[in-house]
Amino acid sequence: MAAAPGCVRETKLQVCCSRNSALIDLSIVSCRKIGNVVIEVKDSEGHTLYREEGKAMTPELIRRLDKGTFPKGELTMLVTARDFRVSQRFTVE
């Protein structure tokens, strides 16, 4: 977690990868507009399996990724924007 400059609360990243769902849910909440953002999924060796670049004009960003495109095991979601860089590990079963 990281607080954006001038923000009281930290940016929150939540990754939900449920065994009984075919989707990986990603939720980012910041205290101000996110702006340009890069979302990456990396494996345990640091190889990039997924990369998306975009722009969020609100303080909240929600994405759903197809779990079937990723190998089973522990992965890391990394989200980088102008004001923050947050990551969270999750497991695809």
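**Exercise 1.** Is Ser-30 buried or exposed, and what is its relative accessible area?

*Solution.* The model is a predicted one. Begin with the location: Ser-30 is found in the loop between E3 and E4. Next, take the accessibility. The relative accessible area of Ser-30 is 2%, and the cut-off for a buried residue is under 20%. Ser-30 is therefore buried. Finally, list the surroundings: beyond residues up to four places away in sequence, Ser-30 touches Arg-9, Thr-11, Pro-59 and Phe-84.

**Exercise 2.** Determine which residues touch the most other members of the largest nonpolar core, and which elements supply this core.

*Solution.* The largest nonpolar core has 22 residues. Within this core, the residues touching the most other members are Ile-24, Leu-26, Ile-28, Ile-34, Met-77, Val-79 and Phe-90. Two or more residues each are given by strands E2 (10-16), E3 (23-29), E4 (35-42), E6 (60-66), E7 (73-81) and E8 (85-92). The largest share, four residues, belongs to E7.

Ile-34 may then be examined individually. With neighbours within four places in sequence set aside, the contacts of Ile-34 are Ile-28, Ala-56, Thr-58, Pro-59, Glu-60, Leu-61, Ala-81 and Phe-84.

**Exercise 3.** State the strand order of the open four-stranded sheet and identify its edge strands.

*Solution.* The order is E5-E4-E7-E8, and the pairing is antiparallel. E5 and E8 are the edge strands, since each pairs on one side only. From one strand to the next, the twist averages 15°.

Within E8, Arg-89 stands opposite Thr-76.

**Exercise 4.** Describe how E3 pairs with E2 and with E6.

*Solution.* Consider E2 to begin with. E2 and E3 are antiparallel and pair over five bridges. The two strands form a hairpin, with six residues between them. Cys-16 has Asp-25, in E3, as its bridge partner.

Turn now to E6. E3 and E6 pair over seven bridges, again in the antiparallel sense. Leu-65 in E6 stands opposite Ile-24.

Ser-27, which lies in strand E3, illustrates the setting. Not counting residues up to four places away in sequence, Ser-27 touches Lys-12, Leu-13, Gln-14, Leu-61 and Ile-62. The C-alpha atoms of Ser-27 and Val-86 are 12 Å apart in space, with the two residues 59 apart in sequence.

**Exercise 5.** How many salt bridges does a search of the whole structure find? For the pairs of Glu-93 with Arg-19 and Glu-52 with Arg-63, state which parts of the chain are tied together.

*Solution.* The search finds eight salt bridges. One of them joins the side chains of Glu-93 and Arg-19, at 3.1 Å from N to O. Glu-93 belongs to the segment after E8 and Arg-19 to the loop between E2 and E3, so this pair ties together parts that are 74 residues apart in sequence. Glu-93 counts as partly exposed at 48% relative accessibility, whereas Arg-19 is exposed at 67%.

The side chains of Glu-52 and Arg-63 also meet in a salt bridge, at 2.8 Å from N to O. Because Glu-52 lies in strand E5 (residues 48-56) and Arg-63 in strand E6, the parts tied together are 11 residues apart in sequence. Arg-63 is partly exposed, with 29% relative accessibility.

**Exercise 6.** Identify the salt-bridge network that contains Asp-83, and classify Asp-83 and Arg-82 by accessibility.

*Solution.* Asp-83 forms a salt bridge with Arg-82, with 3.4 Å between the closest N and O atoms. Salt bridges with shared partners join Arg-32, Arg-82 and Asp-83 into one network. For the classification, Asp-83 counts as buried at 14% relative accessibility, while Arg-82 is exposed at 64%.

**Exercise 7.** How many disulfides does the structure hold, and how far from the sulfur of Cys-16 is the nearest cysteine sulfur?

*Solution.* The structure holds zero disulfides. For Cys-16, the nearest cysteine sulfur is that of Cys-17, 7.5 Å away. A disulfide requires sulfur atoms within 2.5 Å, and Cys-16 is in no disulfide. Cys-17 is likewise in no disulfide, its nearest cysteine sulfur being that of Cys-16. As to accessibility, Cys-16 is partly exposed, with a relative accessible area of 37%.

Notes
Residues are numbered from 1 along each chain as its sequence is written. This is a predicted model: local features need pLDDT of at least 70, side-chain atom pairs count only at pLDDT 80 or more; totals for chains, interfaces and linings use all residues. Side-chain values use heavy atoms; hydrogens and water are left out. A nonpolar core is a set of buried Ala, Val, Leu, Ile, Met, Phe, Trp, Tyr and Cys residues joined through side-chain atoms within 4.5 Å. Buried means under 20% relative accessible area, exposed over 50%, partly exposed in between (1.4 Å probe, protein chains only). Contact means heavy atoms within 4.5 Å. A salt bridge is a side-chain nitrogen of Lys or Arg within 4 Å of a carboxyl oxygen of Asp or Glu. Two strands pair if DSSP finds at least two bridges between them. Axes are lines fitted to C-alpha atoms, for helices over the stretch in contact, and angles run from 0 to 180 degrees between N-to-C directions.
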